[in-house]
Amino acid sequence: MSAGYYTDMSEIGQVPLNGSDSSRATTPEHGNSTGFPTASERVTSTSIPETPRAFIEALVAMDTTSAKSNLAAIDLLEAAFAAAGARIHRIDAADGLHASLFATFPAADGTVDGGVMVAGHTDCVPVDGQDWTSDPFTPTERDGRLYGRGTADMKAYLGIIAALAPQIGATKLSHPLHVAATWDEEVASMRGAVALVAELEKLGIHPQIALVGEPTSMYAIGAHKSMNVMTLTFRGLASHSSLPVRGLNAIRYAAEFITWYHSEIIDRFRSDGPFDEGFLVPWSTGGVNIVRGGTAVNTVADQAYLELDFRTLPEVDAQEIHRRVVEKARELDVRMKADAPAESAGDAAAVGVEVQTIGMVTGLASGPTSAAARYAVSLGALATDDKVTYGTEAGAYEAAGMSAVVVGPGDIAQAHGPDEYIELAQIEEAERFFQRLIADLAQ
């Protein structure tokens, strides 16, 4: 894992997100000796789409909602890149339902380190409760647009580069070209990118430039805020509300934390800065956004649960905010244990505060003058000083030492909602972008 991306900041009840991931590699010349079936054994060559449009539609037809498996999409991408001669590294998640893929087309001299990484995620957001005109997992063309879940965010990007795999494989490259496809991007933890960064470090592969394909309408975006999510569980002691001396009200301590968090951290972001007018909201933001607690009005609340987030400007140290949250939780943990009554019907040993870090998505700070942004513009992306409000995997790749930029077809305004779509003209522009990339890397 890259320093500063996902770090266990809490000593109070931190629970790991998942078990260890496993990695396996295949190469065209050596095949698979791991005992695992390869994607090529699951996907026949005749079922690999041959055009960008066909590949996009194949990916959109797969329901890879974050809570579901993405293996069908990874299998298809792996088969396409392997058939074109790429060296495949697959990072299987411990749950057996998810995986990330890293495909490398070496330079003509065999070099695999350095080069350019085209990066995207295979998961998409749910369609539950949304009113779609057509089936979200049946790609449908209407009025110069392709409708379907993930068309904009961001299966078009991956589908285009995958369809161009045979062309890349037939090109003598001056530098290696890598393709990364991850999972879990649409939730705060981004475990796919975390595992991928760790795997690249083990492999000794350090791409110089990362082109991260979120829907930016092909603008080269060089900055976004961090996004961080934490939970706090306050455990007190239940008693009848007529006998409060025999209980410990967890909501009281949770309320104290909420007041502290907003007044000492969130409100000060707005009043004291720092500020960056390049963002729509030019200061860091956040709040306690989910609160649950208590069981009945005549019972002293023995539990309260909070979920908070904060989104910091790239220049703000997000880990320092984590540290302050954990420090305050520890202070309240000590007080709750001291305040617990000696006589109670509940389990006094369980009294206290538990903190869990759900996700830390690193901000992107490189800006429009970074090597990645300038390179993207040289390939036809649109130059801009704009900074976006949403988080991406680009921050993780920048933290790992790459120059990263967010650039891809489609408009973020169409992502996540009903009737998500991408303009066909955007697909064509992205294909031209990748064609220029291949030409630029050709010897």
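1. Val 229 has Gly 359 of strand E12 as its bridge partner. Strands here are DSSP runs of E with at least two residues, helices are runs of H or I with at least four, and both are numbered from the N terminus; two strands pair if DSSP finds at least two bridges between them.

2. On the basis of the note: this is a predicted model, in which local features need pLDDT of at least 70 and side-chain atom pairs count only at pLDDT 80 or more, while totals for chains, interfaces and linings use all residues. Residues are numbered from 1 along each chain as its sequence is written, and side-chain values use heavy atoms, with hydrogens and water left out.

3. The open sheet consists of 4 strands in the order E10-E11-E9-E12, with antiparallel pairing. Strand E10 (285-293) and strand E12 (352-361) each have a single partner strand, so one side of each lacks a neighbour in the sheet. On average, neighbouring strands are turned by 15° against each other, direction ignored.

4. Two helices deserve attention beside the sheet. Helix H7 (residues 250-272) packs on the sheet and touches E9, E10 and strand E11 (303-311), its direction making about 170° with that of E10. Helix H8 (residues 318-339) lies across E9, E11 and E12 and runs at about 170° to E12. Contact means heavy atoms within 4.5 Å; axes are lines fitted to C-alpha atoms, for helices over the stretch in contact, and angles run from 0 to 180 degrees between N-to-C directions.

5. Helix H4 (residues 151-163) has 13 residues, yet its end C-alpha atoms are only 15 Å apart, short of the 18 Å that a straight helix would reach at 1.5 Å a residue. The expected span is 1.5 Å times one less than the number of residues. Of the 13 residues in H4, 13 are buried (under 20% relative accessible area; exposed is over 50%, partly exposed in between, with a 1.4 Å probe and protein chains only).

6. The whole structure holds 8 aromatic pairs (ring centres of Phe, Tyr or the six-membered ring of Trp within 6.5 Å; planes under 30 degrees apart are stacked, over 60 edge-to-face, the rest tilted). Phe 275 and Trp 283 are edge-to-face, at 6.5 Å centre to centre and 85° between the planes; Phe 275 is partly exposed, at 41%. Phe 433 and Phe 434 are also edge-to-face, with centres 5.7 Å apart and planes at 70°.
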